[in-house]
Amino acid sequence: MNSWANIKTIAKRELVAYFASPLAYVFIVIFLLLCGFFTFSVKPNLFDRGQASLSGTFFFWHPWFYMFLVPAVGMRLWAEERRVGTLELLLTMPITAWQAIVGKFLASWLFLGLALALTFPVVWTVNYLGTPDNGVIFASYIGSWLMAGAYLAISCMTSAMTRTQVVSFIISVVVCLFLILAGFQPVVDFISGFAGPKVVDFVTSFSVVTHFEGFQKGVLDSRDVLFFLSVIAFSLFTTGVILRSHRAG
Amino acid sequence: MINVENLTKTFGAKRAVDGISFSVERGEVLGFLGPNGAGKSTTMRMITGFLPPSGGRISVGGHDVVDQPIAVKRLIGYLPENAPAYTDMTVNGFLSFSAEIRGLRGDAKKKAVSRAVEMCFLERVLHQSVETLSKGYRHRTCFAQSILHDPDVLILDEPTDGLDPNQKHEVRQLIRRMGEKKAIIFSTHILEEVDAVCSRAIIIDRGRIVANGTPLELRRKSEYAGAITLSVRGVSASAVTQKLSQLSSAKRTSVIAENGSKVTVTVFPKPNMDGELTRAVIDATQVWQVEELRTEEGRMDEVFRSITMPDTAKSPESRVQSPQS
Ligand SMILES: Nc1ncnc2c1ncn2[C@@H]1O[C@H](COP(=O)(O)OP(=O)(O)OP(=O)(O)O)[C@@H](O)[C@H]1O
Ligand SMILES: [Mg+2]
């Protein structure tokens, strides 16, 4: 299919660009260091819990790591194109804006998937120490990758808003923070202080943490999967709208 | 090939392009001239489908730019202003990517890239990162990208900007050669390029077309077109001026230089009387010792100035201090 070929070409270019810059390596190293440190050293750590499981330790921290790391990956996607002017080249090539948006997103998402896959020594360690439920671990990885995709799509959207990467980074960190805090008990208490249960339910339904918890129990709930996929779809759609509105004048 | 009808573009309250119409056929090279901010780049961005028009219609090769953007983009090669290119790629990588996105694969891709590299003299920097290229080489890289797929339509926004004199010459030759089989629009601030390359030129000012014609036609709008400049020895400037100004076909006379006993003056014809003027001047000056006599073709820079800055255009008299040979 023609459009798929275009998406692949865009994604390939984007991936090559990641590895041509130090960003990719810095990101992977920091991500792995954080994962290792929080899994094995921060209490309650893997050894204290005495269970051969990664839920509640390794995966517990992922929403927080991603809050900082994913916007750092996504911030350049469109901001840089606009700053350098290559957006004009890209959008006058015989491809649609959607193909470019999806191609760029897929490349970054694959890259995040690669970083996530490189945490395999943690899985190897728990398998060495005990007999974990590898199905649960696999489901958690899927959930983590979907969550990373949701954050990434949001960064993609904020990246399209501005030609300054730092601004894009800050806005997407704030949005991601909201998505984490939406399910955070103190925040829920605060909101229920003045709003009805309907509003509270609405706000907490945006909580990535709540949606991610299902995966950590080994349950692939279609509602959780759908939540992340719809955040991705909505953000990418909005990216397209923003890119179009810049040019409409 | 390219048909633009009543095209407008507004940014907020500002009209950047204000009702432009023109068309370009295969085999034509159209030059876009105009002062900074006239709307040249904005017009090109709309033709290439980057900016949506606020009003009017554009069709390229029979396809409407708004309704069939992909079909139009396939036909066009575009060199944007400032020649952007992906800085995190090598020249070869960038060109291969551009070829792939144009649907070229395998051998066809290799051939297209090597042809463009050869035409733009990029062999020396093929494996260098775009980021470290000099300005001229970056420009040439982006230019190479625009001709990769041998498009029927070329839109080039200041293609010779930042090139050295040799490269400017090469690019002009290239545009002229390609112009025989393609429809080309290019913008420039270098007026000599109009004569060297264009089959037709349009002058745009504040979003409107203020002149449209062949380079010769444009130059004929100049006050200088058909004027006669002559150098006489042994006669005073006032005597020369007085005699020539009395000719019925002369509009006025201006002294260009007075150098010892040698006087150089220019006589401007009344509208459409340049033929008569030449004969009259020759008759009138027979008694003098004329050292030099030539007919002016008209000056593009003067036309440009008088069209785009009608109030402040310098009158020929004020140029006495800087005679042009
Ligand atoms: N994105 C934009 N938003 C607002 N105004 C714009 C935008 N792009 C262009 N303009 C305005 O439109 C006008 C025309 O600009 P354009 O770039 O087309 O000029 P130009 O003829 O190419 O000039 P130059 O010779 O300097 O390249 C200018 O006044 C410019 O400020
Ligand atoms: Mg311009």
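How many salt bridges does the structure hold over all chains? Please continue from there to the interface.

Author: In this predicted model, the structure holds 27 salt bridges over all chains. Across the interface of chain B and chain A, the rule finds 4 salt bridges. One of the pairs joins the side chains of Asp88(B) and Arg13(A), at 3.3 Å from N to O. This pair crosses between chains: Asp88(B) belongs to the loop between strand E6 (76-79) and H3 of chain B, while Arg13(A) belongs to helix H1 (residues 2-20) of chain A. Asp88(B) also meets Arg76(A) through their side chains, in a salt bridge of 4.0 Å, again taken from N to O. The cut-off matters for this second pair, because a salt bridge requires the nitrogen to be within 4 Å of the carboxyl oxygen.

Polar contacts may be considered next. Between chain B and chain A, 8 residue pairs are in polar contact, with both residues at pLDDT 80 or more. On the side of chain B that touches chain A, at least two residues each come from strand E1 (2-11), helix H2 (69-75), helix H3 (91-101) and helix H5 (135-147). H3(B) gives the most to that side, with 5 residues. By kind, the residues of this side of chain B divide into 15 nonpolar, 6 polar and 8 charged.

The extent of the interface can be stated in residues and in area. In contact with one another are 29 residues of chain B and 27 residues of chain A. The two chains bury about 2500 Å² between them, and 63% of this area lies on carbon and sulfur atoms. Of the area that chain B buries against chain A, 29% is supplied by Phe50(B), Tyr86(B) and Ile101(B), more than by any other three residues.

Chain B contains another open sheet of 4 strands, in the order E12-E13-E11-E14, with antiparallel pairing. Its edge strands, strand E12 (250-259) and strand E14 (289-295) of chain B, each pair on one side only. From one strand to the next, the twist averages 20 degrees. E12(B) and strand E13 (residues 262-269) of chain B run antiparallel and are joined by 8 bridges, with Pro269(B) in E13(B) as the bridge partner of Ala250(B). Helix H9 (residues 237-245) of chain B packs on this sheet, touching strand E11 (228-233), E12 and E13 of chain B, and its direction makes about 165 degrees with that of E12(B). Helix H10 (residues 274-284) of chain B lies across E11, E12, E13 and E14 of chain B, at about 150 degrees to E13(B).

Note on methods
Residues numbered from 1 in each chain as written. Chains lettered and ligands numbered in written order. Predicted model: local features only at pLDDT ≥ 70, side-chain atom pairs only at ≥ 80, totals over all residues. Heavy atoms only, no water. Contact = heavy atoms within 4.5 Å. Buried area = accessible area lost by both parts, 1.4 Å probe. Polar contact = N/O pair within 3.5 Å; in protein donor to acceptor, adjacent residues only side chain to side chain. Nonpolar A, V, L, I, M, F, W, Y, C, P; charged D, E, K, R; others polar. Pairing = 2+ DSSP bridges. Axes fitted to C-alpha atoms, helices over the stretch in contact; angles between N-to-C directions.
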